[in-house]
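This report describes selected helices and strands of one structure. Please keep the sequence and the model in view while reading.

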Amino acid sequence: MGTIQRFPHSAKAASTNPLKMSQPLGAALAFLGVDRCMPLFHGSQGCTAFGLVLLVRHFREAIPLQTTAMDQVSTILGGYDNLEQAVRTIHERNAPALIGVATTGVTETKGEDMAGQYSLFRQRNPALSGLKLVFANTPDFSGGFEDGFSAAVTGIVEEVVQPADFTVKGQINVLAGCHLSPGDVEELRDIIEGFGLSPIFLPDLSLSMSGRQPDDFTATSLGGVTVERIAAMGASEATLVIGEHMRVAAAALELKTDVRSLFFDRLTGLEASDRLVRTLSELSGRPVPAKLRRQRETLVDAMLDGHFFFSRKRIAVALEPDLLYAVTGFLSDMGAEVIAAVSPTQTAVLEKLKAATVMVGDHSDVETLARDADLIVSNSHGRQGAARIGVPLHRMGLPMFDRLGAGLKVHVGYRGTRELLFEIGNLFLSREMDHDAHGHGHGGHGHGDGHEHGQHCGSGSCGCSAG
Amino acid sequence: MLQEKLQDVFNEPGCATNQTKSEKERKKGCSKALKPGAAAGGCAYDGAMIALQPIADAAHLVHGPIACLGNSWDNRGTKSSGSQLYRTGFTTDMSELDIIHGGEKKLYKAIKEIVQQYDPPAVFVYQTCVPAMIGDDIEAVCKFAAKKLGKPVIPVMAPGFVGSKNLGNKLAGETLLDHVIGTVEPEVTTPTDICIVGEYNLAGELWLVKPLLDEIGIRILSCISGDGRYNEVAQAHRARLTMVVCSQALVNVGRKMQERWGIPYFEGSFYGVSDMSDTLRTMARLLVERGADKAIIDRTEGVIAREESRVWRRLEPYKPRFDGKRVLLFTGGVKSWSMVTALEGAGLTIVGTSTKKSTKEDKERIKKMKGEEFHQWDDLKPRDIYKMLRDSEADIMMSGGRSQFIALKAKVPWLDLNQERHTPYAGYDGIVNLCEEIDKTLSNPIWRQVRLAAPWESKPDAKPVEA
């Protein structure tokens, strides 16, 4: 990934209130979208504990995640023994279909040779040949969440997908980037199946992370795309690639299977949804279902009703790159002005962003850039800064630990775009309707921490307590 | 250096567990070997952060790649009555280049930026695995920065891979002893000044205890580290008495303060009615032994008598509601037996508890209280807990957040006892809070509904629906 020089990069030595999350965490999320999987971090146990807590707080679900528990000695002498022991232990205890290994800063600084360790493991453990083992190089010290997710999906494609000399009619692959919530994946499945197509999502978080009720206790992921279905991706008619960061995995899939890729940079917005629907109609040879036609109509109506509140609104957005692209794109589509787009990492998609300032930075940069903004769109970590400058925060992305149903938010397709339009539009609307009496500069609305910072609300009518 | 420190904290004469060990066992240290693939819990850096981050007006800077802070910041419920600086996450966010060239210069720059921008009374700098591996000498950087910037800059040498969270707590204590305690003289001292060690003011718990101490006339000179201020912690050596709260973690601080400054310490707990009373009594008695006015003993007895009768009166309404309700209690160490009496006093039946973090003494004490029949589990697998709950062997589980889904997925009430919770349980009022929380969840009408069979699983009920 090339370095993009033309954007101001924060010159600070101390990243303050980080927006960035590490690569292994992204890899873990990708692995969690595979059925009966156990993600395994090759590093010290703290690496796993932090990632686990973050995902638990976001999804409000049990998160299977294990560690090779590297200590000082194994870090120096080499981690193969720990890795082998961990894989064997997990296999004995939980019998997963797939173990997804993500390296960390500890093992990458040491320079553990993962390809070599993979071969060695296979040689020494012929009895475990049925166990799928995916290794992803995900050093904490480069890239971020999205890159880790991408590395894991690429790893799964390379290890599990089988080339096929036949095609299953109507079978479609979907490489679903990490900017899609489990709710988004569910929505996409609905849309695609509406055309009589049969999608295979990789990964499929809608089946594993959207609130399962198991019949029995499972230590591995429950639900998600099965290893068998992933293997069958080679027989699909086409692959829908959702998000810039899925391109590497798409290339790997195409190389291996010759299934053609259709790329979608975003699925939020009217035109973006139109493109998807047109493509699906062409692929299936079927007309667009009545349900989608109605949904398009209501989205158009929502845009007409809602545009008053979006026009020239000044909005700062800080999210993972592909989600940042989708959201800033949608906001521009609605006539809002994206005054700042802050990304945790440098990636190619930043080149395409439409915003007054595009920068690689953290939540403290957002705090500086958004001082006169009407809205900040970011994850829950943005709430402290938003409260300090008195700008409302609309929560998107991960982590979102102070909202229920974080994993089930939908912002793709006609319906998802409409939902997002209403959520953000209502924030503007309620301010215009309710805040006249308070005058300007009333802060803390719509986010939990406003009151802790000494801001007071004259009457109960503004709904601040609902934050 | 770090190795010597580790040997030192492992050989803790103040620790009951350590005292029962043979010389050889003692040399091995007290961190249990972690099993790769079957380990859980945080690392030493995590533990150090837990112990020190509540010092609210200090800046806490993490030297390492993004995983260490980016995945973990803003996730603890420790409260401050003033400065909120501790809630700001600072990290050097080490990149590949920093690892190649060394991160010392960047670290210094980061410290300088923080001092210039936020002007905190001190900066704590946390060492992590990666800079420890590449040999960044953060002690030297801190020393240099302190001299150059004229502020205490304190290196916290607890990289994750040296061991567990508990070890990290201890190393944080050592850091305070080496660099902080004894560096500031208080303006005024009183004969009833105390230092509380190991209380983190989670959900504002300290504030349920402090008013009682104020009433008795006992002054908290410094609290390590709940609602802490750097200068108060630095004055701890002028306390007349130390109370060590979570005995296993920070007993080294209590003992060494006794060694260096002749301050006696005792271990106490704020959880549970009788423990709370014992703690107040011991505190008053030891202060009087050291020359405080005898009158505080009478005042203490007065407060105890009033609070106890008040708390039992307030718990009375719960008794019939709790009659026959069985509790599974999974929590670390001292809290277990502290809470057992309180919960039973309110009419609950404790059917079992985990003793993973408890000392032999603790276990004996529980056995004496509850008899041989009572279940004490050292290491119960999640699957077994799930089965017990599914088989209705308990009506509610109380534990830390990480195991909540074992209970919730078994459709059994659950209550958070650990650091993520939002309700304070310490002191007399805390026990009433706890019972109220238990009652709220036990009597919630969802439990019957969520256990209903789905329409497709059973025949519709023949009886008409009640109006």
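This is a predicted model: local features need pLDDT of at least 70, side-chain atom pairs count only at pLDDT 80 or more; totals for chains, interfaces and linings use all residues.

Within helix 6 of chain A, the residues A:Met114, A:Gln117, A:Phe121 and A:Arg122 are buried. These four lie on the same side of helix 6 of chain A, because the arc they cover around the axis is only 135 degrees. On the other side of this helix, A:Ala115 and A:Gln123 are exposed.

| Covering element of chain A | Residues |
|---|---|
| Strand 2 | 37–42 |
| Helix 4 | 80–94 |
| Strand 4 | 98–103 |
| Strand 5 | 132–136 |
| Helix 7 | 145–160 |

Helix 2 (residues 45–59) of chain A has 15 residues, and at 1.5 Å a residue it should span 21 Å; the C-alpha atoms at its ends are 21 Å apart, in agreement with that value. Of its 15 residues, 14 are buried, so helix 2 of chain A is largely enclosed by the rest of the structure. After helix 2 of chain A comes A:Arg60, which has a positive phi near 55 degrees.

In chain B, strand 3 (residues 123–127) and strand 4 pair in the parallel sense through four bridges. B:Val123 has B:Val153 of strand 4 of chain B as its bridge partner. From strand 4 (residues 153–156) of chain B, B:Val153 and B:Pro155 point one way, while B:Ile154 and B:Val156 point the other way; all are buried.

Definitions and conventions. Residues are numbered from 1 along each chain as its sequence is written. Chains are lettered from A and ligands numbered from 1 in the order in which they are written. Side-chain values use heavy atoms; hydrogens and water are left out. Buried means under 20% relative accessible area, exposed over 50%, partly exposed in between (1.4 Å probe, protein chains only). Helices (H or I, at least four residues) and strands (E, at least two) are DSSP runs, numbered from the N terminus. Two strands pair if DSSP finds at least two bridges between them. The arc is that of the directions from the helix axis to the C-beta atoms. Contact means heavy atoms within 4.5 Å. The expected span of a helix is 1.5 Å times one less than its number of residues.
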